Amino acid sequence: MISFSNVNKWYGDYHALVDINAEVKQGEVVVVCGPSGSGKSTLIRTVNRLEEIQSGQLQFNGQDVHSPMGHRELNQLRSQIGFVFQSFNLFPHMSVLENITFSPMRVRGVSRDAAQAKAMALLERVGLAGKAQAFPAQLSGGQQQRVAIARALAMEPPAMLFDEPTSALDPEMVGEVLAVMRSLAHEGMTMMCVTHEMGFAREVADRVWFMDAGSILEMADPKDFFSHPQHPRAQRFLTDLRAH
Amino acid sequence: MNDLIQIVSDNWLLLLVGQYPNGPLGGLACTLILSVLGIALAFPLSVLIALARISRFALLRWPAAALVYAARGIPLLLIILWVYFLVPMLIGSNISGFTTMVVTLVIYEAAFLAEIVRAGIEALPKGQMEAARALGLSYPGAMLYVILPQALYNMLPSMLSQFVSTIKETTLGYVINVHELTFAASQVNNQLLTKPFHVYFILAVIYFIVCWSLTEVTERLERRITTRRQGGGRAQVRSAQAPSLSGARP
């Protein structure tokens, strides 16, 4: 579904992604973890080309994401990739319902009625049916992130990307967002999640990728990764995590 | 004090509308029409200039920047004189002082409004554009439906202040015989000859009242926008755990 081959990215002299070779298979849940600054977010943002790469190839659903293409083609491609941001990025001037119906109507040309019916079903699913008319600023962080997930799902993407979806949340709201992600995973959604929630990784992930300094140092089953990590850097990372 | 009242009661119509209907519309009416026209025509232009200023194409960025820097660095009076003498040479026929003034104000205010609009756009979190693009929207679509509505709304108070400045700037029309409020007051002064202090005091009071009331409106608007941004506008549906706002929202 998503495959990286020899992907490299530089910010000037800084080598942000180093020879990434990896694949997220259909229906698979991959958790990307690693210390901050290791390139996790950069990696996930290359998938829908919020970040450009300088060499290598990145395929999404059979399409070469970073090949030269027209604006229209790129927008079309992006509309098929669900992306959830750390800071939610709901549109504050639109109601919850408008946030969710916006892209199906504008990008796909779905009728208002159809878009709203779909949005209400999605809000039901993330447990916020009563908030359709609310504005983002009236919602808690956890609620906003659940709306953001619903907004991404409204485009019926074949895969969802999560870029630290719970890092901006107060601890008591992390659970409600993870619950939504867990249910998505159980329904067979292909997911790539950058997260520090190791409990979620252990329970839900099919694969864990451990990154440091722009490289993927280890790809493993969560069970193996957490019980006996191979790479010394991964061992140190897990020890540091347990220390607090 | 009696003199003041006498002058106002003798000349209020002249100060309000000039010699209209026996001559061109002037006085306060002309001042307000000039300001409204200036800002209203400058506004769409300013959005385009702002978009050009942040464009990734140098071909758009440079002329827009040049215009903005020129407007910031050259006194308005000079631009008025330029337009007054240059435009007739270019188009081959004379234009009225009123048209000159409108053209000048549009150019000048568009440059200043453009900087306000640009600031509004750049003050929004980068994630707004990214989220719109990630959903598959084109850059113009994201600008039109996501960025500009927020940026312009947030910048309403600044734009209104710019309108207040514009009202004061119309006084410069006096030098090219535009029959606006200052011109009307000087006509009154020329008739009376002995009461310049009184006449120009009245003039100052009129400007002050207009500008001060607009400033009040601006401040009220600003407070309203602040509360709305914090989600207080619709307190009845506000969630109980909302206070954190999570830092990311403007």
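In the predicted model, A:Val208 is found in strand S9 of chain A, which spans residues 207-212. With a relative accessibility of 0%, A:Val208 counts as buried, since burial is assigned under 20% relative accessible area.

H1(A) is followed by A:Arg49, for which phi is positive, near 65 degrees. A positive phi is likewise found at A:Asn89, a residue other than glycine, where the value is near 55 degrees. A:Asn89 is placed in the loop between strand S6 (81-84) and helix H3 (96-108) of chain A, and at 3% relative accessibility this asparagine counts as buried.

Helix packing in chain A is illustrated by H5 (residues 141-153) and H6 (residues 171-186), which pack at an angle of about 20 degrees with their axes 8 Å apart. Because angles under 35 degrees count as roughly parallel, H5(A) is described as roughly parallel to H6(A). The crossing of H5(A) and H6(A) is right-handed. On the side of H5(A), the contact involves A:Gly141, A:Gly142, A:Gln143, A:Gln145, A:Arg146, A:Ile149 and A:Leu153, and these meet A:Met173, A:Glu176, A:Val177, A:Val180, A:Met181 and A:Leu184 of H6(A). By class, the residues of this contact between H5(A) and H6(A) divide into 7 nonpolar, 4 polar and 2 charged.

In chain B, helix H3 (residues 58-73) and helix H5 (residues 97-123) have axes that come within 9 Å and cross at roughly 110 degrees. That angle makes H3(B) roughly perpendicular to H5(B), and the crossing of the two helices is left-handed. H3(B) contributes B:Leu67, B:Val68, B:Ala71 and B:Arg72 to the contact, whereas H5(B) contributes B:Ile107, B:Tyr108, B:Ala111, B:Phe112 and B:Glu115. The contact of H3(B) with H5(B) has 7 nonpolar and 2 charged residues, with no polar residue.

Several loop residues of chain B were also examined. B:Ile176 lies in the loop between helix H7 (139-169) and H8 of chain B, and with a relative accessibility of 4% this isoleucine counts as buried. Apart from neighbours within four places in sequence, B:Ile176 is in contact with B:Ile80, B:Tyr84, B:Gly97, B:Thr100 and B:Met101. B:Ile176 and B:Leu13, which are 163 residues apart in sequence, are 22 Å apart in space from C-alpha to C-alpha. B:Leu193, in the loop between helix H8 (181-192) and helix H9 (196-229) of chain B, is by contrast exposed, with a relative accessible area of 66%. The phi angle of B:Leu193 is positive, at about 65 degrees, although this residue is not a glycine. In the loop between helix H1 (2-17) and helix H2 (27-53) of chain B, which holds B:Pro21, a cis peptide bond joins B:Tyr20 and B:Pro21, with omega at about 5 degrees.

Cysteine pairing was considered last. A disulfide is a covalent bond between the sulfur atoms of two cysteines. With a cut-off of 2.5 Å between sulfur atoms, the count comes to 0 disulfides over all chains. The sulfur of B:Cys30 is 15 Å from the closest cysteine sulfur, that of B:Cys211, and is therefore too far away for a bond. B:Cys211 is accordingly in no disulfide, the nearest cysteine sulfur being that of B:Cys30. B:Cys30 counts as buried at 3% relative accessibility, and B:Cys211 counts as buried at 9%.

How values were computed:
Residues are numbered from 1 along each chain as its sequence is written. Chains are lettered from A and ligands numbered from 1 in the order in which they are written. This is a predicted model: local features need pLDDT of at least 70, side-chain atom pairs count only at pLDDT 80 or more; totals for chains, interfaces and linings use all residues. Side-chain values use heavy atoms; hydrogens and water are left out. Axes are lines fitted to C-alpha atoms, for helices over the stretch in contact, and angles run from 0 to 180 degrees between N-to-C directions. Helices (H or I, at least four residues) and strands (E, at least two) are DSSP runs, numbered from the N terminus. Angles under 35 degrees count as roughly parallel, over 145 as roughly antiparallel, 65 to 115 as roughly perpendicular and the rest as oblique. A crossing is left-handed if the near helix is turned anticlockwise from the far one by less than a right angle, and right-handed if clockwise. Contact means heavy atoms within 4.5 Å. Ala, Val, Leu, Ile, Met, Phe, Trp, Tyr, Cys and Pro count as nonpolar, Asp, Glu, Lys and Arg as charged, and the others, Gly among them, as polar. Buried means under 20% relative accessible area, exposed over 50%, partly exposed in between (1.4 Å probe, protein chains only).
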